[in-house]
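Thank you all for coming.

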Amino acid sequence: ELDAEVEELTAGAAEDDDDQRQEIFYWRENLEQWLDGILIQVLIILVVLLDLTVLVVYTLVLPDDSASATGDQTFTIVTGLVLSIFVTELTLRQVAKGRRFWRDKWCIFDFVVIWLSILMVVA
């Protein structure tokens with residue numbers, strides 16, 4: 001009798017584990033689909049264009065003497081905002097993909113570029 005009760009409890013726990021794994025998989029799959037959706041892709045492209053525009057204006061358009069504290073501050077704020085958005089997207093993508101993240105060449109490329117950018121800002 002005791003063995004039957006232990007078996008029954010073990011089987012119930014295994015079913016609960018399977019249900020929990022399915023819920024996590026479903027949640028991660030939905031997150032990945034959301035990240036791959038057109039809305040997020042357009043948002044990321046707009047953020048890249050914003051960053052590029054600020055970089056071009058700051059380095060090419062503004063003369064050295066007019067790159068005042070306000071220009072430096074604006075550049076720093078926009079760069080920080082852009083990096084924050086990229087780190088958030090990268091983190092969410094790592095969570096969504098799990099181990100598959102490291103098999104995707106574009107994900108690895110994004111990872112390297114974002115962390116090199118962070119190092120350049122910090123240094």
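This is a predicted model: local features need pLDDT of at least 70, side-chain atom pairs count only at pLDDT 80 or more; totals for chains, interfaces and linings use all residues.

Residues are numbered from 1 along each chain as its sequence is written, and side-chain values use heavy atoms, with hydrogens and water left out.

What does Asp104 do at the N-terminal end of helix 4? Asp104 caps that end, with a side-chain oxygen that lies 2.9 Å from the backbone nitrogen of Trp106. This is a polar contact, that is, a pair of N or O atoms within 3.5 Å, where within protein one must be able to donate a hydrogen and the other to accept it, and where residues adjacent in sequence count only if both atoms are side-chain atoms.

Asp104 also takes part in a salt bridge with Lys97, and here the closest N and O atoms are 3.5 Å apart. A salt bridge is a side-chain nitrogen of Lys or Arg within 4 Å of a carboxyl oxygen of Asp or Glu. As a general point, side chains of opposite charge can pair when their charged atoms come close. Lys97 counts as buried, at 11% relative accessibility.

The structure holds five salt bridges. One of them joins Arg100 to Glu32, with 2.5 Å between the closest N and O atoms. These two residues belong to distant parts of the chain, 68 residues apart, because Arg100 sits in the loop between helix 3 (69–97) and helix 4 (105–122), whereas Glu32 is in helix 1 (residues 2–35). Arg100 is partly exposed at 38% relative accessible area, while Glu32 is buried at 14%. Taken together, Glu32, Lys97, Arg100 and Asp104 are linked in a network of salt bridges.

Another salt bridge brings together the side chains of Asp36 and Arg93, at 2.8 Å from N to O. This pair also links distant parts of the chain, 57 residues apart, with Asp36 in the loop between helix 1 and helix 2 and Arg93 in helix 3. Asp36 counts as partly exposed, at 44% relative accessibility, but Arg93 counts as buried, at 8%.

Now let us step back to the overall layout. The protein has four helices and zero strands, and from the N terminus on its elements run α-α-α-α. Here helices (H or I, at least four residues) and strands (E, at least two) are DSSP runs, numbered from the N terminus. Of the 123 residues of the protein, 19% count as buried.

Let us return to helix 4, which has 18 residues and reaches 26 Å from its first C-alpha to its last, close to the 26 Å expected at 1.5 Å a residue. The expected span is 1.5 Å times one less than the number of residues in the helix. Which residues of helix 4 are buried? They are Cys107, Ile114 and Ile118, and they lie on the same side of helix 4, because they cover an arc of only 40° around the axis. That arc is taken from the directions from the helix axis to the C-beta atoms. The face turned away from the buried side carries the exposed residues Lys105, Leu119 and Met120.

Finally, helix 2 has 24 residues and reaches 32 Å from its first C-alpha to its last, close to the 34 Å expected at 1.5 Å a residue. Ile40, Ile44, Val47 and Val54 are buried in helix 2. By contrast, Val42, which lies in helix 2 (residues 38–61), is partly exposed, with a relative accessible area of 40%. Val57, also placed in helix 2, counts as partly exposed at 36% relative accessibility. Val57 and Phe75 are 18 residues apart in sequence, yet 9.5 Å apart in space, C-alpha to C-alpha.

Conventions:
Buried means under 20% relative accessible area, exposed over 50%, partly exposed in between (1.4 Å probe, protein chains only).
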